[in-house]
Amino acid sequence: MRIGIVAAVLILYWPLLLVPALDGLPNDLSLRGHTFVASVDRWLLGAGGTITSPDPKAMIRKGFSARCRPSRTA
């Protein structure tokens with residue numbers, strides 16, 4: 001049963017990338033966040049649910065800065 005679920009998720013993931021995004025962004029696999037899967041993530045997690053950085057490689061070189069970490073509220 002679990003193998004079937006895992007196989008279904010893996011097989012259906014790629015076609016989901018080609019479905020139009022929920023928030024009306026144009027589908028473009030070369031741009032981060034312009035897919036149906038990303039729009040579902042934004043819908044479930046909210047706009048602050050993703051880490052944004054102008055240069056993702058800089059995060060690796062410098063380590064995760066305080067700006068990229070989720071804020072902790074008391």
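In helix H2 (residues 36-45), the buried residues are Phe 36, Val 37, Ala 38 and Ser 39; helices are DSSP runs of H or I with at least four residues, strands are runs of E with at least two, and both are numbered from the N terminus. Buried denotes under 20% relative accessible area, exposed over 50%, and partly exposed the range in between, with a 1.4 Å probe and protein chains only. The cover over these buried residues of H2 includes H1. The model is a predicted one, in which local features need pLDDT of at least 70 and side-chain atom pairs count only at pLDDT 80 or more, whereas totals for chains, interfaces and linings use all residues. Residues are numbered from 1 along each chain as its sequence is written, and side-chain values use heavy atoms, with hydrogens and water left out.

Ser 39 lies within H2 and counts as buried because its relative accessibility is 3%. A polar atom of the Ser 39 side chain is 2.7 Å from the backbone oxygen of Phe 36, and a polar atom of that side chain is 3.1 Å from the backbone nitrogen of Leu 22. When neighbours within four places in sequence are set aside, Ser 39 is in contact (heavy atoms within 4.5 Å) with Ala 21, Leu 22 and Asp 23. Just after H2, Gly 46 adopts a positive phi of about 85 degrees.

Helix H1 (residues 2-18) comprises 17 residues, which at 1.5 Å a residue should span 24 Å; the end C-alpha atoms are 26 Å apart, in agreement with that value. The expected span is 1.5 Å times one less than the number of residues. At Leu 12, H1 bends by about 30 degrees, and Pro 15 follows within four residues. The bend is the angle between axes fitted to the seven residues ending at a residue and the seven starting there.

Overall, the chain contains three helices and zero strands, in the order α-α-α along the sequence. Of its 74 residues, 16% count as buried. Contacts between residues at least 24 apart make up 5% of those joining residues at least 6 apart in sequence. The accessible surface is about 6500 Å², with 67% belonging to carbon and sulfur atoms; areas were computed by the Shrake-Rupley method with a 1.4 Å probe, and for residues only the protein chains shown count as cover.

The predictor's confidence in each residue, pLDDT, runs from 0 to 100. The chain averages 75, and 62% of the residues score at least 70. Among the elements, H1 has the highest mean pLDDT (89) and helix H3 (residues 56-62) the lowest (65).

How values were computed:
A polar contact is a pair of N or O atoms within 3.5 Å; within protein, one must be able to donate a hydrogen and the other to accept it, and residues adjacent in sequence count only if both atoms are side-chain atoms.
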